[in-house]
Each structure stands twice: as structure tokens, then as C-alpha cells.
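Thank you all for coming.

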Amino acid sequence: MSDEKQHHISTAVKSYGRVLLGFIRKRVASDADAEDVLQDVWFQLSSIINSQPVEQLGAWLYRVARNKIIDRHRKKKEHTWPARTDDDPELPEIADAPAATDGNPETEYQERMMWQQLYLALDELPPEQRDVFIWHALDGIPFAEIAELTGEPITKLVMRKRYAVLHLRQRMKVFYDELTDH
């Protein structure tokens, strides 16, 4: 590794390491997961720093961290569906589906298939809508915190989530109906 590359990485770690780790910790289940995500971010920085210049390094690091958190969330083997709350009536009907807690292979298979369908539907969304939905509905991050993070007004974030929910409801309805008919 060249001295210049090493210097850029060291400067980034010193400048952003602590606050970036705090950002990640709020969005993952454990400190160990947060440290793993941070390592992935530093690895990606080290692999890209020679091939292309990174403008707005801080924004780039946060974006990579967000993407790594989303990837980690997608790769989880055991999931539970978010519960519908009174203050969030827009959560799709799939939230009422049973989690695979009974050890039944069929139930576990159905849950895996449902998550797969959900992620396919999420991938169809514009990134802004997808991120807001994942952060608020799946990760439980309040709109105020998302607004602070993104710099977007809360009303705009609420509308983005609403559009995401409408799309997800439409895409998941057929699959949900098949599950509840059995």
C-alpha cells in the first residue's frame, strides 16, 4: 500500500471513525455487528481509494455504511415481522404474518419466501423510498432522526414511506393471499 493511500485512510479513520461507529451502532443489533460494518466500510475505502478519487468523503462513508447495514439486514437468517402500531397504520398487511418460531419447516420456508418477495419489491423502489421504509418500518428509526441524518423534512420522509408502502402492498398482496388461504 502506498504511503499516500495509507495517509488518506488514516486521516479518514481519525476524522470519521468515532462518529461513524456511533451512527452504525444506532442501526444494528450489537456492538460487534457495528464494528463488523465499520470494518467493511474501511475495507471498501481502501479498495477504492487508488482507483478513483472520493469527493465528499464524509457523505461517501455514511452512504457506504448505510448500504452495508441494509445488506447485513438482508442477510439475516432469522427475521421477525415488524408489528403494526397505532401510530403506523400504513405498515403493509404482511406485518401480521406469523414469524417462524414454531420450528415448523413449512412455516420457516414461507417466512423465507415472504422476506425474499419483500426484498425484491423493495429493490423496485427508488433508493430514497426504500431507505426511508427500511429505516422506519424495519429498523425502527424515528422520522426525526432520519430527517436529521438526511437533511430532508419529516413530511417528505413520511410521503416517501407512504409511496413505498403503497407499492409494497400491491406487490405483496398476491403472495400474502396465498399464505393466508392455506
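For the angle I am about to quote, please keep in mind that axes are lines fitted to C-alpha atoms, for helices over the stretch in contact, and that angles run from 0 to 180 degrees between N-to-C directions. What you see is a predicted model. In it, helix α4, residues 105-123, packs with helix α5, residues 127-138, at an angle of about 140°, and their axes are 9 Å apart. Angles over 145 degrees would count as roughly antiparallel, and α4 and α5 are therefore oblique to each other. On the α4 side the contact is made by Trp115, Leu122 and Asp123, and on the α5 side by Arg130, Phe133, Ile134 and Leu138; by class, that gives five nonpolar residues, two charged residues and no polar ones.

Let me move on to the cores. The largest nonpolar core has 21 residues, of which Leu20, Phe23, Ile24, Val41, Trp42, Leu45 and Leu61 touch the most other members. Two or more residues come from each of α1, α2 (31-48) and α3, with α2 giving the most, seven residues. Ile24, leaving aside its neighbours within four places in sequence, is in contact with Ala34, Val37, Leu38, Ala65 and Ile69. Apart from this core lies another, of 17 residues, including Tyr119, Ala137, Leu168 and Phe175.

Finally, how many aromatic pairs does a search of the whole structure find? There is one, formed edge-to-face by Phe23 and Tyr62, at 4.9 Å centre to centre and with 80° between the planes. This pair links distant parts of the chain, since Phe23 is in helix α1 and Tyr62 in helix α3, 39 residues apart. Phe23 is buried, because its relative accessible area is 6%, and buried means under 20%.

Technical notes. Residues numbered from 1 in each chain as written. Predicted model: local features only at pLDDT ≥ 70, side-chain atom pairs only at ≥ 80, totals over all residues. Heavy atoms only, no water. Phe/Tyr/Trp six-rings, centres within 6.5 Å; stacked < 30°, edge-to-face > 60°. Helix = DSSP H or I, 4+ residues; strand = E, 2+ residues; numbered from the N terminus. Buried < 20%, exposed > 50% of the residue type's maximum accessible area, 1.4 Å probe, protein only. Parallel < 35°, antiparallel > 145°, perpendicular 65-115°, else oblique. Contact = heavy atoms within 4.5 Å. Nonpolar A, V, L, I, M, F, W, Y, C, P; charged D, E, K, R; others polar. Core = buried A, V, L, I, M, F, W, Y, C linked by side-chain atoms within 4.5 Å.
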